[in-house]
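Visitor: I would like to go through this model with you, starting with some helix packing. Shall we bring it up?

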Amino acid sequence: MSATQRSATSGAESATYEPRTVRRAMLAGSLGTLIEYYDFSVYGYLAVVIAPQFFPSEEPAAALLATLAVFATGLVVRPVGGVFFGWLGDRWGRRKALVSSVLCMGVASSATGLLPTYSQIGVTAAVLLLLCRLMQGISTGGESVGAYTYIYESAPPQRRAFLGAVTPIGSNLGFMFAAATAGVISALATKDQMADWGWRLPFLMAVPLTLFCLWARLRIEDTPEFEEAARRADIPTAPIREVLSTHRAALLQSIGLSMAQGGAIFLGLTYIGIHLTSDLGYDSTQVLWLSAGVVLVTVLLMVPAGWLAARFGSRRILMFGLLGFLVTAYPAMMLMDRHNLALAGAAYLLFMLSSAFVQVPAASLWPHLFERRVRFTGMAIGYNIGTVLAGGTAPYIAAFLVQRTGNQLSPAFFVMTVCVIGIGALLTVRRDVTARMG
């Protein structure tokens, strides 16, 4: 272990972890992530409705591809947000970064719900939609890694692997809440009402949700590790340069792991619902409720996944999850194309069962790859680059593959490819990294 790593470790050991403070940190971190991913993912669940409002076309597939391209741009700018919020978090504190990121997301989501459509102002509507999506992407560039970092550093070292489940639970509940909200509105509104004003309501819910999250995050203190480092004046002046010069291996590992997680999970959470509705012709309201149910099962598996990560090591459980995605992707996609909603739902669940065993161990493995001085920045760069390469682009790539090849099963090969990349990256992580974790 290097001198800087020893310093970071000793800082963690000397920090004080009060139970009340730990509980408040877990709540604020997970709640903010829930709201962030609700705001970010509701766009994907409403893509089929949004497409003709901003990209009218005689070809529905072309309009959908344009809408998904905007979805992807929200993730393309994530490294920009990651670099900014990473610098803010490592230089000025984790709390400031978390408050700023959720405020940025709330403003962008609320604005999306108020946008005029193509029929009202022409192509400017699509430009404004893109700008709102870019602002959302910048926000998410700092949110996930900020929550991972904050919860990791707020938990006692021996509890970090188990409590790593908190952030993924929050993000997946955000996806589930988005699917359920879209499902309720879709069920209560007619098709014309949904196209006219119904799609706006889930975005406008960002206003009360953001205010609630700001209340929770303004009540928290900074992490014990950061406060201890601040007392010792051990704060980096150039965290980006420090990451690129001293943490290259960790950076590459985090990129590979992020590609695998993002590629598989974003495809499952966003594209499959679109695939079942647009390509296979299932009822959109039923598919939204199906998506919410599948995500709920995934969330319920996250606590046992955290226990297993604490018991057997995050590296082993993450390997299990990646292998699960690898072997179930093709048969799951194949079963969805049987014109039976119950069978499609079972196949969807089969595919997503691996999600908990990827997200939970990764939540505690990622921050452990980087020392405290540059943890936020290192994670932000690696995690977001991987997400850009394979996560946010997953729905677009999947839709493009189906359109270009005519093969409804082609997205499975994309999932299998990113899982192989993730497994390769995980094999380079030393076993003693997870052995030192709680």
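Visitor: Which residues in helix 5 meet which residues in helix 8?
Guide: This is a predicted model. In it, R78, G81, G82 and F85 of helix 5 are in contact with G137, I138, S139, T140, G141, G142 and S144 of helix 8.

Visitor: How do the residues of that contact of helix 5 with helix 8 divide by class?
Guide: Eight are polar, two are nonpolar and one is charged.

Visitor: And at what angle do helix 5 and helix 8 pack?
Guide: The angle is about 50 degrees, and the axes lie 6 Å apart. Helix 5 covers residues 78-92 and helix 8 covers residues 124-154. The two helices are therefore oblique to each other.

Visitor: Is the crossing of helix 5 and helix 8 right-handed or left-handed?
Guide: Helix 5 and helix 8 cross in a right-handed manner.

Visitor: Let us move to another pair. At what angle do helix 2 and helix 10 pack?
Guide: Helix 2 (residues 19-45) packs against helix 10 (residues 166-188) at about 40 degrees, with 6 Å between the axes. That angle makes helix 2 oblique to helix 10, because the roughly parallel class is kept for angles under 35 degrees. The crossing of helix 2 with helix 10 is right-handed.

Visitor: Which residues meet there, between helix 2 and helix 10?
Guide: From helix 2, the contact includes M26, S30, T33, L34 and Y37. From helix 10, the residues include V166, G170, L173, F177 and A182. By class, the contact of helix 2 with helix 10 has 13 nonpolar, eight polar and no charged residues.

Visitor: Take L173, in helix 10. What does L173 touch, leaving out residues up to four places away in sequence?
Guide: L173 touches L34 and V299.

Visitor: Is L173 buried, partly exposed or exposed?
Guide: L173 is partly exposed, with a relative accessibility of 25%.

Visitor: A change of topic: where is E225 found?
Guide: E225 belongs to helix 14, which spans residues 224-231.

Visitor: Why is E225 classed as buried?
Guide: The relative accessible area of E225 is 3%, and buried means under 20%, so E225 falls in that class.

Visitor: With which side chain does the E225 side chain make a polar contact?
Guide: The partner is the side chain of R160, at 2.5 Å.

Note on methods: Residues are numbered from 1 along each chain as its sequence is written. This is a predicted model: local features need pLDDT of at least 70, side-chain atom pairs count only at pLDDT 80 or more; totals for chains, interfaces and linings use all residues. Side-chain values use heavy atoms; hydrogens and water are left out. Helices (H or I, at least four residues) and strands (E, at least two) are DSSP runs, numbered from the N terminus. Buried means under 20% relative accessible area, exposed over 50%, partly exposed in between (1.4 Å probe, protein chains only). A polar contact is a pair of N or O atoms within 3.5 Å; within protein, one must be able to donate a hydrogen and the other to accept it, and residues adjacent in sequence count only if both atoms are side-chain atoms. Axes are lines fitted to C-alpha atoms, for helices over the stretch in contact, and angles run from 0 to 180 degrees between N-to-C directions. Angles under 35 degrees count as roughly parallel, over 145 as roughly antiparallel, 65 to 115 as roughly perpendicular and the rest as oblique. A crossing is left-handed if the near helix is turned anticlockwise from the far one by less than a right angle, and right-handed if clockwise. Contact means heavy atoms within 4.5 Å. Ala, Val, Leu, Ile, Met, Phe, Trp, Tyr, Cys and Pro count as nonpolar, Asp, Glu, Lys and Arg as charged, and the others, Gly among them, as polar.
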